[in-house]
Amino acid sequence: MIKPSNNHNKEHLINEVLEAVRDIQIKFQAEDDEEKEWLLKNSPNSEVQELVQEMTVTMLHVLDAIGTLEPVNGITISKQFGFSKGTVSKITKRLVQKNIILPEYLPDNKKEVLFRMTELGQGIYRLHQAMHQQIDLGANRFLQRYTEDELQFLVHALRDTAHTSWFHSEKDSPSMVTSEGGPYPDEASNDNDNENAEAVTINEEMNEIMGMLHTLNSRDLKKAKAVLEDVFFTEYKD
């Protein structure tokens, strides 16, 4: 049986964990600005600096894909790096317009386009790679402070988190109450059946998406975040 004092300490620690998670979320939200600042500060010349200032995170990651696989077509970029075909098409068009990449048409297949980096694109690509090397070194130095047992616990906790929903199922959650403090009447439940079913479906899909995201490394997570921002939250002007 857990002693009340021990239970109180555990609840206190859980609250501290949740506060730390919120702090990490805020840090990640600010990270893109830090990366852009590093890229601008370390740009080899003013031309690269000007282009980096205009580029989105997704543009940088698509350029990374081209730099890694060139010459490469849009379908391969989409499959290998998880970008949608529409995103690849939109981003490669913008990169071509800015003379960062060049399209190549095959003599026997005019429909297939291969992409290569220009000299300017190579400069941005090398700069972006150098930034990720700095991030990897910083992450490694940070994790060196922990013992092997602590690192094993972190791996275990993070993997558990990746495959666990933090939302209670309906049977485990407290009863819903009205503003007067009493339970919702039974007759209202039928009106909410469709909404509940939709909520369960959405929750299942969210859990599936979260499970997939948590299998990615930090670089691929940044790509996933960038794709979401560009596809769903960015307005493009022709």
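1. Helices (H or I, at least four residues) and strands (E, at least two) are DSSP runs, numbered from the N terminus. By that rule Gly74 belongs to helix α4. The model is a predicted one, in which local features need pLDDT of at least 70 and side-chain atom pairs count only at pLDDT 80 or more, while totals for chains, interfaces and linings use all residues. Residues are numbered from 1 along each chain as its sequence is written, and side-chain values use heavy atoms, with hydrogens and water left out.

2. Overall content. The chain holds nine helices and three strands. Read from the N terminus, the order of elements is α-α-α-β-α-α-β-β-α-α-α-α. Buried residues (under 20% relative accessible area; exposed means over 50%, partly exposed in between, with a 1.4 Å probe and protein chains only) make up 22% of the 238 residues of the chain. The accessible surface of the chain is about 17600 Å², and carbon and sulfur atoms account for 54% of that surface. These areas come from the Shrake-Rupley method with a 1.4 Å probe; for residues, only the protein chains shown count as cover.

3. Contacts along the chain. A contact means heavy atoms within 4.5 Å. Of the contacts between residues at least 6 apart in sequence, 62% join residues at least 24 apart.

4. The sheet. Strands of a sheet pair through backbone hydrogen bonds, either parallel or antiparallel. Here two strands are taken to pair if DSSP finds at least two bridges between them. The three strands form an open sheet in the order β1-β3-β2, with antiparallel pairing. Its edge strands are β1 (72–73) and β2, each of which pairs on one side only.

5. Strand pairings. Strand β2 (residues 101–106) and strand β3 (residues 109–117) run antiparallel and are joined by six bridges. One point of reference in this pairing is Glu104, whose bridge partner in β3 is Leu114. A hairpin through two residues connects β2 to β3. Between β1 and β3, also antiparallel, there are two bridges; Val72 has Phe115 as its bridge partner in β3.

6. Helix α3. This helix (residues 57–69) has 13 residues and spans 19 Å from its first C-alpha to its last, close to the 18 Å expected at 1.5 Å a residue. The expected span is 1.5 Å times one less than the number of residues. The helix lies across β1, β2 and β3 and runs at about 95° to β3. Axes are lines fitted to C-alpha atoms, for helices over the stretch in contact, and angles run from 0 to 180 degrees between N-to-C directions. Ten of the 13 residues of α3 are buried, so that α3 is mostly covered.

7. Gly74 and its surroundings. Gly74 counts as buried because its relative accessibility is 18%. Leaving aside residues up to four places away in sequence, Gly74 touches Val88, Val113 and Phe115. Phe115 is also the bridge partner of Val72. The C-alpha atoms of Gly74 and Ser84, ten residues apart along the chain, are separated by 9.5 Å. For Gly74 and Ser89, 15 residues apart, the C-alpha separation is 6.8 Å.

8. Two serines. Ser78 sits in helix α4 (residues 74–81), whereas Ser89 is in helix α5 (residues 85–97). Ser78 is classed as buried because its relative accessible area is 12%; Ser89 is partly exposed because its value is 41%. With residues up to four places away in sequence not counted, Ser78 touches Phe83, Ser84, Lys85 and Val88. Val88 is also touched by Gly74.

9. Aromatic pairing. Rings of Phe, Tyr and Trp (its six-membered ring) pair if their centres lie within 6.5 Å; planes under 30 degrees apart count as stacked, over 60 as edge-to-face and the rest as tilted. A search of the whole structure finds one such pair. It is formed by Phe142 and Tyr146, edge-to-face, at 5.8 Å centre to centre with 75° between the planes. Both residues are partly exposed: Phe142 because its relative accessible area is 37%, and Tyr146 because its relative accessibility is 29%.
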